[in-house]
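Trainee: I've got the sequence and the model open side by side. Could you walk me through a few parts of it?

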There are 4 protein chains.
Amino acid sequence: MSEADTLGHECGVFGIIGDPDAARLSYLGLHALQHRGQDGAGIVARNAGNLAEHRGVGLVHEVFDEGALRSLPGDAAIGHVRYGTAGGDGLTNVQPFLARWKQGQVALCHNGTLTNAPPIREELEERGAIFTRTSDTEVLLHLLAASDQKTLINRLVDALSRVEGAWCVLVISGDKLVAARDPWGFRPLVLGRKGEAWIVASETTAIDFVQGTFVREIEPGEMVILDEDGIQSIRPFARKPRRACIFEAIYFARPDSNLFGRDVYPTRVRLGELLATRFPCKADVVVPVPDSGTPAALGFAQASGIPFAMGLLRSHYIGRTFIEPTQRIRDFGVRLKLQPNRSVVAGKRVVVVDDSIVRGTTSQKLVRMLRAAGAAEVHLRITSPPMTGPCFYGIDTPEREELLAHRMDLPRIRQFLDVESVAFLSMDEVREAVGGDGGRFCDACFTGNYPVDPVARRADAQLALFRGRPEE
Amino acid sequence: MSEADTLGHECGVFGIIGDPDAARLSYLGLHALQHRGQDGAGIVARNAGNLAEHRGVGLVHEVFDEGALRSLPGDAAIGHVRYGTAGGDGLTNVQPFLARWKQGQVALCHNGTLTNAPPIREELEERGAIFTRTSDTEVLLHLLAASDQKTLINRLVDALSRVEGAWCVLVISGDKLVAARDPWGFRPLVLGRKGEAWIVASETTAIDFVQGTFVREIEPGEMVILDEDGIQSIRPFARKPRRACIFEAIYFARPDSNLFGRDVYPTRVRLGELLATRFPCKADVVVPVPDSGTPAALGFAQASGIPFAMGLLRSHYIGRTFIEPTQRIRDFGVRLKLQPNRSVVAGKRVVVVDDSIVRGTTSQKLVRMLRAAGAAEVHLRITSPPMTGPCFYGIDTPEREELLAHRMDLPRIRQFLDVESVAFLSMDEVREAVGGDGGRFCDACFTGNYPVDPVARRADAQLALFRGRPEE
Amino acid sequence: MSEADTLGHECGVFGIIGDPDAARLSYLGLHALQHRGQDGAGIVARNAGNLAEHRGVGLVHEVFDEGALRSLPGDAAIGHVRYGTAGGDGLTNVQPFLARWKQGQVALCHNGTLTNAPPIREELEERGAIFTRTSDTEVLLHLLAASDQKTLINRLVDALSRVEGAWCVLVISGDKLVAARDPWGFRPLVLGRKGEAWIVASETTAIDFVQGTFVREIEPGEMVILDEDGIQSIRPFARKPRRACIFEAIYFARPDSNLFGRDVYPTRVRLGELLATRFPCKADVVVPVPDSGTPAALGFAQASGIPFAMGLLRSHYIGRTFIEPTQRIRDFGVRLKLQPNRSVVAGKRVVVVDDSIVRGTTSQKLVRMLRAAGAAEVHLRITSPPMTGPCFYGIDTPEREELLAHRMDLPRIRQFLDVESVAFLSMDEVREAVGGDGGRFCDACFTGNYPVDPVARRADAQLALFRGRPEE
Amino acid sequence: MSEADTLGHECGVFGIIGDPDAARLSYLGLHALQHRGQDGAGIVARNAGNLAEHRGVGLVHEVFDEGALRSLPGDAAIGHVRYGTAGGDGLTNVQPFLARWKQGQVALCHNGTLTNAPPIREELEERGAIFTRTSDTEVLLHLLAASDQKTLINRLVDALSRVEGAWCVLVISGDKLVAARDPWGFRPLVLGRKGEAWIVASETTAIDFVQGTFVREIEPGEMVILDEDGIQSIRPFARKPRRACIFEAIYFARPDSNLFGRDVYPTRVRLGELLATRFPCKADVVVPVPDSGTPAALGFAQASGIPFAMGLLRSHYIGRTFIEPTQRIRDFGVRLKLQPNRSVVAGKRVVVVDDSIVRGTTSQKLVRMLRAAGAAEVHLRITSPPMTGPCFYGIDTPEREELLAHRMDLPRIRQFLDVESVAFLSMDEVREAVGGDGGRFCDACFTGNYPVDPVARRADAQLALFRGRPEE
């Protein structure tokens with residue numbers, strides 16, 4: 001666990017065409033993307049021109065059983081894992097969305113946030129459209145159906161040209177599986193092969209997991225069309241400056257993925273090395289907040305020469321529901337996931353390496369636990385800058401007012417967390433570690449430089465008549 | 001059980017406005033209508049201008065628990081019980097359908113079948129509409145949203161003027177609950193009060209069950225608008241000759257309901273009396289197929305002077321799943337629900353009174369069971385004419401080719417069922433018992449006189465690209 | 001439902017030997033005995049000398065699925081349905097009990113109550129025995145294992161000779177299935193065949209249901225030993241006067257069973273006829289409390305000439321849990337199961353025929369419901385005498401203090417129930433209808449003549465250190 | 001995961017007396033011991049002299065919900081987590097076992113294996129005892145009840161004096177909670193405090209988790225009696241040489257526990273250091289098999305100077321059921337839990353550090369996965385000697401014939417695993433790292449020196465007439 005665990009995760013998509021076990025491989029691919037969304041999962045498979053779906057609330061292995069997979073025969077499929085489907089009506093919002101329209105059936109799933117969904121929805125409603133989900137993804141289905149273009153591809157281009165924000169979209173209809181990525185390239189999307197089959201997925205780790213081969217990133221603004229004739233790539237959207245989400249590299253993506261062209265694990269080790277160089281500290285042991293902080297802590301230990309040790313242990317038996325033992329056990333929620341390793345920290349000056357601080361409450365509890373286990377000093381080192389703004393492009397961050405670094409300056413943060421020292425990497429340092437050309441990333445949550453106008457999203461809140469909030 | 005048990009049941013609707021326990025009372029009302037649909041149930045309740053929903057697959061008491069009812073506060077609600085939501089995606093089709101449109105939120109549920117749904121759907125798709133359910137009810141939502149009228153009422157009138165077939169519709173939106181019944185009056189719909197609150201329901205038994213008072217039938221072609229200002233009734237649709245479903249009176253409706261202005265129980269007793277008069281027979285005992293055949297068997301016994309006895313017992317512990325004991329137990333499916341009472345039938349000439357014969361296989365098994373229990377003779381008396389055609393107005397009958405009376409004439413039916421005699425009431429006799437004026441009823445399944453062109457429905461089958469079939 | 005529904009039901013047993021589908025047929029047999037216990041069910045099957053078990057809380061069709069039945073191969077099996085396994089530890093008490101002892105494995109199930117279980121348990125504990133269930137059936141297992149006899153049969157005779165009270169016991173061990181019935185013959189136990197296989201069951205309806213043939217009653221004090229060599233009958237126990245439970249005939253047994261040598265259904269019709277003769281009344285309609293009161297009501301109608309009608313309808317969709325709609329719906333619990341049929345009772349003088357009055361609260365609510373539905377007069381006729389004492393031989397009746405007829409005399413009962421008249425059959429009349437020789441029955445709950453000293457049972461209450469109460 | 005994952009885990013026990021939240025704290029304590037058994041969990045709590053139980057199949061947080069904990073009030077409780085309750089009857093074997101005996105109620109749970117359970121069971125059966133579980137723990141209950149001693153303590157001493165093998169036993173009865181550890185001290189058992197309350201647990205991590213304080217180990221052969229008067233310690237058993245299970249230190253115990261007087265984490269780091277010193281190798285990176293191999297891999301890296309990296313990633317979303325994607329995904333079972341981190345291992349000479357090799361199949365698959373991810377060389381370093389014999393004292397190891405090191409010598413093991421080199425620590429080296437005095441440990445699975453005659457256990461297999469195998 002890490003501070004970023006308190007962020008809403010985003011989503012993950014997986015698609016495959018040309019393999020007779022399409023749904024089964026999608027099931028595995030979604031399992032490999034489970035870290036991108038734990039609340040719901042779904043697959044739509046194509047068999048003999050017909051689309052069948054299975055969706056459910058929960059983890060991939062909870063949603064699908066043998067019967068479900070058997071009900072999804074066929075050689076092409078798309079799937080989705082999702083964050084945030086709490087509540088009784090959660091299933092309604094689980095993707096992919098399957099619909100019938102003029103040309104037959106179409107299914108679609110989406111990772112990202114459409115910043116101008118509210119005004120488009122308004123416009124569509126004006127023309128008589130009805131919406132049955134709270135998700136902005138439904139807007140895409142309507143645009144697709146309402147387009148005056150003829151072919152699926154042209155309609156999809158038409159629809160996607162209308163929306164702004166972050167989107168990686170998979171569509172299956174007729175004989176085609178289409179994957180498209182927004183021109184800014186906020187969210188990752190990669191292409192792979194398994195034998196004759198083509199794979200598209202949010203991360204390379206999913207391709208590896210199904211024992212396929214990573215081919216290349218799908219480029220920002222690219223649309224890849226997969227069918228019996230093989231692969232076709234078009235670039236129908238207006239060019240934009242590349243703005244890959246830097247937080248994917250810092251926290252979200254699996255450490256064994258290749259993200260935006262670079263391996264994640266060495267990037268995170270490098271972030272830790274930079275921290276050690278820029279913010280050295282006298283200490284006896286470097287302790288990661290496992291598992292996401294581990295590579296950076298190893299980098300910090302290597303660069304600083306301070307020994308690395310597992311001073312916090314992560315439990316493997318956490319369930320969705322756990323009964324709070326009233327108020328008698330302090331910091332219980334955090335303690336359930338992470339336990340201090342007394343023999344490592346007792347009497348020691350401890351450097352704790354984590355990837356981010358969001359609200360700060362988890363960090364505060366961790367520090368308290370380490371002190372209770374005997375830590376003599378606690379120094380906190382964070383591999384990202386202070387987070388000062390929400391994300392409007394696919395990550396469900398808290399309101400600005402709840403962000404610790406928005407509420408206080410560094411001295412007060414140190415005091416609040418009760419640590420001997422605390423240090424954050426600067427944006428420049430992160431950019432350097434993550435991959436050079438600083439202009440390539442979206443770092444709005446750290447810098448306030450929002451590449452796409454987020455005003456639309458605020459308006460959305462006012463329009464939301466459904467319970468819950470608009471989601472990716 | 002009766003032969004009619006092999007028919008798909010139709011649906012039931014319940015709505016209430018002006019009671020602070022609207023959802024709880026709807027829950028009870030739907031339970032009282034459970035005989036009209038056992039496969040799914042849902043309620044949408046209005047609270048402070050917001051609509052919340054809870055829907056699920058199963059019986060009313062399985063779908064709703066205390067938590068679900070607590071999530072539905074408010075003083076107005078509509079609900080639905082439904083037949084036919086098998087399969088993993090069943091929930092999608094469970095009503096009421098809740099949608100967001102230009103004017104906010106709207107929820108709608110429906111009992112019946114729209115015979116021209118397919119061409120309307122085609123037309124709507126042409127204009128860019130997407131459909132996510134297989135139910136024709138979704139067409140109504142689209143027509144509502146696409147209407148160029150301004151007010152909810154005008155839009156609803158506009159939408160309902162477009163559709164043909166059988167429909168009892170409940171709509172909740174803004175401050176109004178609207179109930180409308182098609183001009184033919186195929187399906188029943190009644191109005192009641194409970195204190196200050198207004199109730200609308202498929203049958204009077206639901207009003208009784210919540211301890212309300214039956215006010216009157218909602219007339220064919222009538223639209224009733226309920227809000228804070230009380231009740232308003234309009235008749236915006238073109239007049240049609242009344243065509244109440246005669247099969248509701250014969251089999252579907254609860255015996256304690258008042259249907260189309262007459263009590264059901266005495267009607268069924270009268271059907272039995274007519275049978276005894278028209279088709280007398282020498283016998284020792286009159287045995288009903290319980291529970292639906294019981295009133296008619298009592299009537300037959302009374303008119304014939306032959307003693308009535310429970311020669312078939314109905315089990316109370318039938319579940320949704322029951323394991324077939326391979327092929328070693330003959331007629332097992334029927335035997336699970338009905339068991340012969342040997343002491344009543346052994347050595348006796350038995351008159352069995354039932355309400356209808358559909359495919360004939362259940363009747364055949366019942367006869368076999370009675371003979372195995374020692375019946376000397378079996379005489380079958382049916383309170384309806386031979387069923388020769390399917391229903392296109394809300395009851396899920398088998399294809400014409402499967403109907404016993406379509407496949408054979410009376411002598412062969414007798415032979416097939418292996419009975420000493422079999423007799424059906426004529427249409428005229430049924431009309432007389434059920435209520436006089438023969439022209440008031442739809443008896444198409446017995447006579448072939450379809451009041452609304454069923455061609456559309458056949459087309460529908462070809463358009464259905466979704467798995468499953470279009471329903472109510 | 002009837003007043004007797006508020007009694008705890010007792011249990012049912014089923015065993016079969018010599019059929020390769022022994023467990024599957026037991027499953028069906030237990031389903032046919034479901035009316036004798038709805039709270040738990042279990043089967044132990046013998047395969048290649050090994051005993052396997054499956055037990056669970058709930059109805060037979062809920063406890064067993066295909067997998068469970070597949071796990072119980074073999075040609076011999078015994079099973080049990082049980083009343084009263086509420087609470088988290090319910091499963092522990094579900095029978096049959098399977099144990100390992102000196103001679104290998106043994107499984108046992110039991111219908112009845114051992115009145116001297118507490119002192120025997122005490123004695124066994126004194127010698128070092130441990131008990132893991134609250135059921136007195138466990139005492140039998142201990143006596144069996146502790147016997148100094150050598151053979152299974154001698155041990156079983158030894159064990160059963162020690163216990164007093166009511167017991168029908170099935171035992172399976174080694175190559176034998178043994179059935180034994182206490183010398184008083186309180187509870188029913190019958191023998192049947194299905195092809196080469198032998199069946200033992202609580203009631204003949206279970207033999208019918210598996211399409212076997214009823215052979216004869218197992219006599220009071222008889223022990224039947226079934227194995228490859230066929231059937232052997234011994235009578236090892238001291239003779240006692242026959243004391244069959246008269247309440248089985250009045251209420252518990254299925255109407256299609258042959259009980260204690262007579263068919264149940266005509267017995268109950270006869271009870272109704274007697275009521276009509278002895279306690280006539282001017283009325284317009286005879287209404288049964290369905291389903292248990294129906295045969296008697298038919299007898300009453302026949303004898304009195306007053307027409308019979310279904311003035312109370314029984315719901316088929318009752319589940320284990322149903323949410324109470326607060327206090328706004330009066331008599332809700334009863335109303336869930338039974339609804340008044342207004343067209344039958346409105347403005348009429350109604351005779352209601354039921355089998356018994358226990359606490360009286362259900363009857364009171366039924367009367368209230370009938371009056372609310374318009375009944376002009378309500379006359380209650382009961383096919384048993386006033387119940388004044390608890391049962392100590394297998395039926396879980398309330399304490400004496402809760403019994404209506406213990407608390408008040410007839411005039412006050414009439415007043416309490418708010419009926420124009422109320423009448424009970426006398427014990428002599430019931431004996432006459434049920435089968436002549438009055439001495440054959442146990443009628444202690446009506447007369448106070450307890451054939452076996454119930455003092456032991458009272459002592460039991462004091463010894464019960466486990467939560468819950470001793471059962472069957 | 002590690003090779004040792006293919007071992008059956010053993011069990012864990014937790015008890016507390018003197019805290020009003022005894023069951024809730026036991027729930028937490030058992031959660032902290034979840035690594036010792038994932039298949040079943042139970043708690044017995046004492047309230048006002050009465051014992052109540054809740055047990056279930058699954059993880060602690062699956063077995064207990066708020067309702068379950070509320071049903072367990074009281075100030076004293078014992079609990080158990082268990083390995084190995086597969087099958088439908090699993091619940092029967094879940095501990096603690098609650099029974100009623102002469103002195104009232106008693107509950108008992110046990111970690112270990114009683115090697116002479118079979119002959120004792122035989123003897124008890126001879127005297128008329130019945131057994132309802134397959135667990136040898138039931139023997140203890142019988143011995144307790146059959147003892148001719150008077151007090152609970154004397155009876156317990158009597159019973160435990162009869163059994164041989166490994167046992168840590170918790171008993172609750174009357175006003176006492178008793179904890180006892182066998183004279184060899186095979187399994188760990190520790191004492192702690194939380195305020196005024198006393199805690200006993202298998203490992204110190206459970207005391208830490210409930211925020212109690214570790215007091216001391218319960219000594220081999222010690223019996224600790226806890227009641228209102230505080231703590232009393234007796235040593236009623238014949239002295240034996242200490243034989244703590246060395247495999248607890250190598251693999252089983254949590255790294256944050258203090259085991260047999262030493263912290264586990266630094267012990268495992270030391271094992272890695274020893275490996276690096278004794279079996280150095282030229283390599284580019286040291287990779288642990290997470291999580292159990294991580295401390296040793298860190299020690300290896302530190303001692304060798306070769307950088308440490310997470311070359312294998314552990315998935316957090318593993319469920320109990322996962323659908324095998326037929327045969328198309330190689331090594332799927334292992335891959336579900338562990339994924340190779342390509343950027344760490346590609347082109348590198350990799351040292352993999354693990355704690356043990358049992359059957360060798362998991363190691364073989366891991367090596368294959370690493371090579372597929374591009375590892376140039378794979379060197380395996382194991383922190384224990386070759387495992388050549390089964391455990392008879394509480395760990396469910398495979399038969400000797402399945403153990404890799406029993407089947408082959410080192411060169412063939414290297415070949416089988418397809419590694420460039422493989423090395424095991426010697427027994428002496430492990431003893432040195434784990435704690436000096438070699439005589440203190442049981443290392444029978446590595447050396448064949450079984451401190452207690454395991455013959456009895458083999459006999460047990462023949463006696464087992466129940467399905468399944470005798471368990472701890």
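Predicted model: local features only at pLDDT ≥ 70, side-chain atom pairs only at ≥ 80, totals over all residues.

Trainee: Which strands are the edge strands of the open sheet in chain C?

Mentor: The sheet has seven strands, with antiparallel pairing, in the order β3-β2-β4-β1-β10-β9-β11 (chain C). An edge strand pairs on one side only.

Trainee: At about what angle does helix α1 of chain C run to β4(C)?

Mentor: This helix, residues 22-32, lies across β1, β2, β4 and β10 of chain C. Relative to β4(C), its angle is about 25°.

Trainee: Why do the buried residues of α7(C) line one face of the helix?

Mentor: Start with who they are: L152(C), R155(C), L156(C), A159(C) and L160(C). Their cover includes α6, β7 and β8 of chain C. Looking down the axis of α7(C), you find the buried residues on one face because they fall within an arc of 125°.

Trainee: Which element gives the largest share of the side of chain B that touches chain A?

Mentor: In that contact, 28 residues of chain B meet 28 residues of chain A. The chain B side divides into 13 nonpolar, eight polar and seven charged residues. Its largest share is four residues, and they come from α6(B).

Note on methods:
Residues numbered from 1 in each chain as written. Chains lettered and ligands numbered in written order. Buried ≥ 20, exposed ≤ 12 C-beta atoms within 10 Å, placed from the backbone. Helix = DSSP H or I, 4+ residues; strand = E, 2+ residues; numbered from the N terminus. Arc of directions from axis to C-beta. Contact = placed C-beta atoms within 7 Å. Pairing = 2+ DSSP bridges. Axes fitted to C-alpha atoms, helices over the stretch in contact; angles between N-to-C directions. Nonpolar A, V, L, I, M, F, W, Y, C, P; charged D, E, K, R; others polar.
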